[in-house]
Amino acid sequence: MIVSTESHDRSAPKPSRLRIGRRYRANRLDGRYDTIVIGSGIGGLTTAALLSAAGKKVLVLEQHYTAGGFTHAYDRNGYEWDVGVHYIGDVGEHPTMTRQLFDFLSAGTLQWAPMDDTYDRICLGDEQFDLRAGRQAFVDELVRSFPDERGVIEQYLERVDAVGRAMPLITLEKLLPSWCTRFTRLWKKLRWPAYLNKTTYEVLRELTDNEKLIAVLTGQWGDNGMTPKTGSFIIHALIAKHYLYGGYYPVGGASKIAETIIPQIQSSGGEVFTYAEVETILLDGNRARGVRMADGTEIEAPLVVSGAGVFNTFEKLLPQSASEYAGYFRDLDTVNPSMAHVCLYIGLQRTAEELGLPKTNYWLYPSADYESDTRRFLEDRDSQIPLVYISFPSAKDPSFTRRYPGRATIEIVAPGKYEWFAQWHEQPWGKRGEDYDALKQQFSERLLEHLYKHFPQLRGQIDYCELSTPLSTDYFCRYSRGEIYGLDHDPNRFTQTWLRPKTRIGGLYLTGQDIMSCGVAGAMFAGVATAQSILGWRRGLPLLRRIFRAKSNRENELNKVCI
């Protein structure tokens, strides 16, 4: 959940001073590069860092003023907010693959702070339900509210585990030649449980008719942007499993992710440039040969990796004739952009401790009927907001008070249709007019009332706030419909075999959340898959063994996963 913003001040907001990466200038290019990566999101940075570790000279080109994609942070008026890294799972002390990969990418310099044992609090009307860290604690806490449902909750977790066991094949399928698809499909048909890629609601309804329990178990649906009756159980299970042992936050803020990865890219002669807008991917016949920048500079490389998303890649960066010839215009008709959102960024002139802010995320719903509530809101923006997510980054980061003494921050996220704001699309950022500001003010006031309901001590304490809209997502991250999770994660999306690192155009690869799944970890492991696809098994496997070397039996897990 995402993006830099626009303030409610009549004057234009001041740009953030928080900048990661080196500003692009054509005269700063340093000779020939082995690979060009478009976009510095976590997928692009991971691909670049792993190729650099294999001795490749990699150039990363980011159109934004700072590197990191949805992992970047920004500051304004003496406050700092993350735009997408509200929490990360699987990075505790136990040697998960996610933690091992982060340690490798950052050379061990990226540190993590645990959230409260209750990492997510699901609020259905006036009722509250806690998701607690640790498998047994998770079950026991839910059984307190649903004493007759222990067996159902255990069965649910078994199905979540089944998705985890399926992921190696899902990943391997993206690395094998396309002709292998017929065999992997047969394997899945014979060996996978029938429920695996149904909707989340369908899977849980097979276990229980307790609608309130289903709502609590699916209360994190905002993490992928699809309600339980529309989203695939695969993405739901990946998210639930990811956070099962708790949530964590990067010490020093979200910008530390890119800041700690970039030195590994530079160590092999590569660089990460910001303000570096790619105009088009250059082709020699049906093979990529580099990129042309917005300033007209052409940069050549035998390999180009796009982390800009499949719609941007095949509709904007590639010549239309090439996308049509390769069949990608037809493929794009099989997927849809994900949800858009609004986000209220809040600053307070007291510390999180003084204000009583928790390290727990709050998910606020008017009722357990997510589908009807969401449908009504998308049809009428004045109806009740169906999902309000509240995060407290300054409480989660133990370094925040040292960096911003006497201050605290809050973020509130809710769905928001692009169409509600589309009429101001052509207006410049920060100067979209009084009507636009008035609409944002209405949303801001509504979101604040949700905050005050649960934290009444904050009324009158807010020093500064500003609201981002889908236009902000488009302006800063170039997702033209304001989508925050790339593609919709419905069951159909997970049957699309063309969503793989290697494209049908020679020398052109994809990375990021469209290739694997949304979220920081999903996009990061897409970066692993892309690097593996480029390096091949002979050069790629030794690198993967370095990354995931066993602290216990991790080597055996690596051999099973192949990535």
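Modeller: A residue is called buried when its relative accessible area is under 20%. Please bear in mind that this is a predicted model.

Colleague: How many of the nine residues of helix α2 are buried?

Modeller: Helix α2 covers residues 97-105. Its buried residues are M97, T98, R99, Q100, L101, F102, F104 and L105.

Colleague: Which residue just after α2 takes a positive phi?

Modeller: The place to look is just after the helix α2. There, with a positive phi of about 55°, is A107.

Colleague: Are helices α1 and α9 roughly parallel or roughly antiparallel to each other?

Modeller: Helix α1 spans residues 42-53 and helix α9 spans residues 256-266, and their axes are 8 Å apart. They pack at an angle of about 30°. Angles under 35 degrees count as roughly parallel. The two helices α1 and α9 are therefore roughly parallel.

Colleague: How many nonpolar residues does the contact of α1 with α9 have?

Modeller: From α1, the residues I42, L45, A48, A49 and S52 take part, and they meet I257, A258, I261, Q264 and I265 of α9. By class, the contact has no charged residues and two polar ones, while the number of nonpolar residues is eight.

Colleague: How many aromatic pairs does the structure hold, and what kind of pair do Y74 and Y345 form?

Modeller: The structure holds 33 aromatic pairs. In the pair of Y74 and Y345, the ring centres are 5.3 Å apart and the planes stand at 80°. Planes over 60 degrees apart count as edge-to-face. The pair of Y74 and Y345 is therefore edge-to-face.

Colleague: How many residues apart in sequence are the parts that Y74 and Y345 tie together?

Modeller: Y74 lies in strand β5 (residues 73-76), and Y345 lies in strand β17 (residues 341-348). Y74 counts as buried, at 0% relative accessibility, and Y345 is buried with a relative accessible area of 0%. The distance in sequence between the parts tied together by this pair is 271 residues.

Colleague: What kind of pair do W81 and Y345 form?

Modeller: W81 belongs to strand β6 (residues 79-82) and Y345 to strand β17. Both W81 and Y345 are buried. Their ring centres are 5.9 Å apart with planes at 65°, so the pair is edge-to-face.

Methods: Residues numbered from 1 in each chain as written. Predicted model: local features only at pLDDT ≥ 70, side-chain atom pairs only at ≥ 80, totals over all residues. Heavy atoms only, no water. Axes fitted to C-alpha atoms, helices over the stretch in contact; angles between N-to-C directions. Helix = DSSP H or I, 4+ residues; strand = E, 2+ residues; numbered from the N terminus. Parallel < 35°, antiparallel > 145°, perpendicular 65-115°, else oblique. Contact = heavy atoms within 4.5 Å. Nonpolar A, V, L, I, M, F, W, Y, C, P; charged D, E, K, R; others polar. Phe/Tyr/Trp six-rings, centres within 6.5 Å; stacked < 30°, edge-to-face > 60°. Buried < 20%, exposed > 50% of the residue type's maximum accessible area, 1.4 Å probe, protein only.
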